[in-house]
Amino acid sequence: MSRRNQTFVCQNCGAAYGRWQGRCEACGEWNTLVEEGAERPMGPGRRPGKGRLFALEPLSGGAEHAPRLPTGIAEFDRVTGGGFVRGSVLLLGGDPGIGKSTLVIQTAAALAQRGERAVYISGEEAVAQVRLRAERLGLRQAPVELAAETAVEDIIATLSEGKTPRLIVIDSIQTMWTGMVEAAPGTVTQVRASAQTLIRFAKRSGSTIILVGHVTKDGQIAGPRVVEHMVDAVLSFEGEGSHQFRILRAVKNRFGPTDEIGVFEMTGSGLREVSNPSELFLSERDLGQPGTAVFAGIEGTRPLLVEIQALVAPTSLGTPRRAVVGWDPSRLAMVLAVLEAHCGVRLGDHDVYLNVAGGLRIQEPAADLAAAAALVSSLASAPLPADAVYFGEVSLSGAVRPVAQAAARLKEAAKLGFARAVVPEAARTEASEGSLNLTDVGSLASLVADIAARGNHDGKSRGQDG
Ligand code: TYD
Ligand code: MG
């Protein structure tokens, strides 16, 4: 009677098949199918009993105001939208070693120090190792409750006792397993079932749960893409290995914005909040070098100034290289095409490299103008003025289009000591009087002509000197 219902589940994307095959048809990965037990005799196998009756409520009914619990770490609260919502589940993803465990233990400690019950369950480290880290962070005295456990049922049974924790950290979801399914820990089936059980517990008890998740080489939260759909918020913790700062970004957020970023700096004694990131991103600037432009950007509600660096050099290859770090490669291709088509800039036999300094990733089209300025500056060996910022979107026709929140961008630039801004024409009306010296550009071609003129001028004066 009890036919064992085996399925083969892709460990990369979670697609399920009735028989084994070498390649997953859903995601195209090879050798990722693993045999797993069925999740539960479900569907046609189970006799549908009579369902339990439940009450339907009007949408207009008294909304239980989502009570938020601020963590006290302002950069974290900014990303979640003002703190943890009762009963919500957050998935925190990031590369190994980026600082996820450090961030969550600091958050748990911040809450515990304010008298809230916070529990930290580690499936990866022993209690002694967690203590050692807490000591290094100066949090040895914080009343966080610790355990090294991986069995979800045991965790839930333990946490159901006593006062409901306000925050439960599960580090990491990949180490958890539940007896509900017959699959090895770490497999998609286990991760999904464990997450489901924990989510149900969060909704029932009102605790907030942070699930820490590892990220695979291609940036997906390993295996359990499926978990991303189940949780209320997906946060990703990013950073470049060689830089000390880290960025917390909401990829999905049912209770808040997804465009805010939190900026932290990894120091010898843990993560430090960076409340003025522009200063940090501009702190190591190559002043007066050709190929660098400062972009006045916006991340969420906060203006953020970053340096965009470009290197344009004659190629030795048949097909010139285009490499970009921190920006969208297709936007770079577009800006290059506009430079070629409308501004007479020939780049067909040049390699082009573009880098957003400090490991930040920017997504705004408003960076087009700054990227173009950096590219032309490098090609013409003409340094841009060190006290200028750039922003504006470039259209395919070569026109420079206005962008949102020009006033906020200009204000931030003025605050950091910049004296001029190269902006779309429309920005002038938004600017407050007398803060910055504005140069408005209507088309990319006029900007290119300006920069080229600086290059020629410099070249001539250098020639005269020599
Ligand atoms: P960790 O939080 O263990 O990363 P994850 O949980 O994402 O794997 O952080 C590990 C890295 O952080 C490690 O390379 C050392 C560094 N670190 C510091 O620089 N300062 C500190 O105070 C701590 C605790 C870690
Ligand atoms: Mg860790």
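## Residues around ligand 1

In this predicted model, the shell around ligand 1 holds four nonpolar, eight polar and four charged residues. Here Ala, Val, Leu, Ile, Met, Phe, Trp, Tyr, Cys and Pro count as nonpolar, Asp, Glu, Lys and Arg as charged, and the others, Gly among them, as polar. In total, 16 residues surround the ligand, and the closest are Gly97, Ser101, Thr102, Arg133 and Gly270; a residue is near if one of its heavy atoms lies within 4 Å.

At least two shell residues come from each of helix H2 (100–113), helix H3 (127–136) and strand S13 (261–267). H2 gives the largest share, three residues. Helices (H or I, at least four residues) and strands (E, at least two) are DSSP runs, numbered from the N terminus.

## Polar atoms at the ligand

Oxygen atoms of ligand 1 lie 3.0 Å from a polar backbone atom of glycine 99 and 2.7 Å from a backbone N or O atom of lysine 100. In arginine 133, a side-chain N or O atom is 2.7 Å from an oxygen atom of the ligand. On its own, ligand 1 has 550 Å² of accessible area, of which the protein covers 74% (Shrake-Rupley method, 1.4 Å probe).

## Threonine 175

Threonine 175 sits in the loop between strand S9 (167–171) and helix H5 (188–205). This residue counts as buried because its relative accessibility is 18%, and buried means under 20% (1.4 Å probe, protein chains only). A polar atom of its side chain lies 2.6 Å from the backbone oxygen of serine 172.

## Basis

Residues are numbered from 1 along each chain as its sequence is written, and chains are lettered from A and ligands numbered from 1 in the order in which they are written. Local features need pLDDT of at least 70, side-chain atom pairs count only at pLDDT 80 or more, and totals for chains, interfaces and linings use all residues, while side-chain values use heavy atoms, with hydrogens and water left out.

Notes
A polar contact is a pair of N or O atoms within 3.5 Å; within protein, one must be able to donate a hydrogen and the other to accept it, and residues adjacent in sequence count only if both atoms are side-chain atoms. Buried means under 20% relative accessible area, exposed over 50%, partly exposed in between (1.4 Å probe, protein chains only).
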